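Reader: I've got a structure up on my screen and I'd like to talk it through with someone. Can we go piece by piece?

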Amino acid sequence: MMTNSGALKNLLDLSVGEIEALGSKMGWPRYRAGQVLKWIYQNGVSSISEMTNLSKVDRDRLQAVATICRVPPSVPEVADDGTTKFLGLLDDGLAVETVMIPEGHRRTVCVSSQVGCTLDCGFCLTAQIGFRRNLAPREIVDQVWNARRLLGKDESISSLVFMGMGEPLLNFESLAEAIRRLTNVDWGMGFSPRRITVSTAGWVPRFQDLQQLGVNLAISLNATTTHQRHLLMPAINKRFDLMQLIEASRAYAKRSDRRLTFEYVLIARVNDSLDDAKRLIKLLNGIRCKVNLIPFNEYSGSPYQRPSQDTIDLFQQAVRKGGLDVYLRRSRGDDVLGACGQLGRMAAEAAHIVPTRLLRKVSAHAQP
Ligand code: SAH
């Protein structure tokens with residue numbers, strides 16, 4: 001049977017207000033829009049016909065104007081440590097990566113906010129595919145639904161981290177709408193905002209807006225001098241240099257009842273010296289925070305290397321002696337390129353995107 005699905009609205013593209021408006025156009029009482037939202041966000045249905053507490057007449061009327069199109073996932077890849085990576089296959093042929101990381105009973109889902117990234121952090125694989133586009137709210141939320149479907153009956157997602165592909169604060173409107181759908185307890189997925197962390201390379205103008213959403217903020221610091229940050233993260237550092245970032249972080253921490261997280265990718269001979277450790281202590285002095293050290297995850301074509309375990313341990317000890325609460329993040333899922341900063345290649349391949357910068361590097365090496 002032919003359906004004119006092009007003319008149908010995808011309910012997942014609509015805000016709460018728009019779904020209510022659609023309902024009132026059909027003469028529905030207000031609570032019925034709430035029933036529809038619950039089917040979508042609490043039960044994860046993929047069709048209107050599954051909304052069984054709506055009368056057949058109401059379902060038919062809704063089906064005449066709307067549909068539900070979810071983002072189909074690829075077949076998941078499972079790493080030796082249980083880390084699971086899958087793609088969301090988007091309508092326009094692009095693809096976006098999501099990673100689920102098991103740790104004991106905990107399940108953390110690492111969510112993407114953009115296809116590619118506008119930033120150019122030299123150590124990050126995602127940066128190399130360039131920027132394709134922002135994700136829509138539904139494309140963000142469906143990553144969580146697709147992850148949830150991989151879980152057993154008695155398992156649940158413990159936390160969500162926006163540390164996948166892209167810079168979440170540069171897609172703020174979609175991020176905020178996705179977080180509303182993820183956290184609403186009446187009709188939404190009911191995640192506590194305390195279990196959600198948004199990671200940023202340092203897009204300062206959105207710090208305050210993010211704070212209002214009640215989620216946690218993580219800042220990818222990665223450097224202890226402006227010059228070093230410029231070498232590692234040129235685009236973002238040009239807009240807001242290290243000192244501006246630290247001041248904005250300090251102000252944020254003062255306003256917040258939650259601890260800030262600073263992430264620091266440790267790269268051999270670039271930012272892993274004891275002088276770096278000393279500068280880090282000084283920079284973060286007085287900010288209520290914790291520091292996550294992420295040893296650089298290597299990938300082919302990257303000029304950078306992971307420091308030795310000794311160097312990593314010494315760095316951590318020095319930072320701890322300086323009074324900071326500092327943790328070492330274990331690398332997870334690197335055999336499926338699911339680790340931090342390794343996202344992108346699979347999505348790029350699926351969507352036939354050529355990671356231009358990577359290719360340039362490879363061909364430069366290939367020249368006689
Ligand atoms: N754009 C956001 C979120 C995505 S990156 C941000 O910059 O925070 C998530 C984390 O992975 C960041 O802390 C980033 O510094 C880190 N990262 C990127 N590439 C990495 C790599 N190759 N090895 C280890 N960590 C990396």
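Reader: Let's start with a single residue. Which strand is cysteine 110 found in?
Author: Keep in mind that this is a predicted model. Strand 6 runs over residues 106–110, and that is where you'll find cysteine 110. So the element you want is strand 6.

Reader: Is cysteine 110 buried or exposed?
Author: The relative accessible area of cysteine 110 is 8%. Buried means under 20%, so with its 8% cysteine 110 counts as buried.

Reader: What does cysteine 110 touch, leaving out residues up to four places away in sequence?
Author: Among its contacts is Met163, and methionine 163 is 53 residues away from cysteine 110 in sequence. In space, their C-alpha atoms are 5.7 Å apart.

Reader: Now over to lysine 9. How far apart are the C-alpha atoms of lysine 9 and leucine 62?
Author: Lysine 9 lies in strand 1, residues 9–10, and is partly exposed at 41% relative accessible area. Leucine 62 is 53 residues away along the chain. Their C-alpha atoms are separated by 9.9 Å.

Reader: Which residues does lysine 9 touch, not counting those up to four places away in sequence?
Author: With those sequence neighbours set aside, one of the residues touched by lysine 9 is Leu14. The complete list is Leu14, Val65, Ala66 and Thr67.

Reader: On to charges. Which residue does lysine 85 meet in a salt bridge?
Author: Side chains of opposite charge can pair when their charged atoms come close. For lysine 85 the N to O distance is 3.8 Å, and a salt bridge here needs the two atoms within 4 Å. The partner is glutamate 97.

Reader: How many residues apart in sequence are the parts that lysine 85 and glutamate 97 tie together?
Author: Both lysine 85 and glutamate 97 are buried. Lysine 85 sits in strand 4 (residues 84–89) and glutamate 97 in strand 5 (residues 95–103). The pair therefore ties together parts whose separation in sequence is 12 residues.

Reader: What about arginine 138: which residue forms a salt bridge with it?
Author: Arginine 138 lies in helix 5 (residues 137–148), while its partner comes from the loop between strand 4 and strand 5, so the pair ties together parts 47 residues apart in sequence. The closest N and O atoms are 2.8 Å apart. The partner is aspartate 91.

Reader: Let's look at helices. How do helix 5 and helix 6 pack, and at what angle?
Author: Helix 6 covers residues 172–183, and its axis is 8 Å from that of helix 5. On the helix 5 side the contact includes Arg138 and Val141, and on the helix 6 side Leu175 and Ala178. The crossing is right-handed. The two helices are oblique to each other, at an angle of about 45 degrees.

Reader: At what angle do helix 1 and helix 2 cross?
Author: The axes of helix 1 (residues 16–25) and helix 2 (residues 30–41) come within 9 Å. Helix 1 is oblique to helix 2, and their crossing is right-handed. The angle is roughly 130 degrees.

Reader: Last one, for the whole protein: what percentage of the residues is buried?
Author: The protein has 14 helices and 14 strands. Its accessible surface comes to about 16,800 Å². Out of 368 residues, the buried share is 55%.

Notes
Residues numbered from 1 in each chain as written. Predicted model: local features only at pLDDT ≥ 70, side-chain atom pairs only at ≥ 80, totals over all residues. Heavy atoms only, no water. Salt bridge = Lys/Arg side-chain N within 4 Å of Asp/Glu carboxyl O. Helix = DSSP H or I, 4+ residues; strand = E, 2+ residues; numbered from the N terminus. Buried < 20%, exposed > 50% of the residue type's maximum accessible area, 1.4 Å probe, protein only. Areas by Shrake-Rupley, 256 points an atom, 1.4 Å probe, with all protein chains shown as cover. Axes fitted to C-alpha atoms, helices over the stretch in contact; angles between N-to-C directions. Parallel < 35°, antiparallel > 145°, perpendicular 65-115°, else oblique. Left-handed = near helix turned anticlockwise from the far one by under 90°. Contact = heavy atoms within 4.5 Å.
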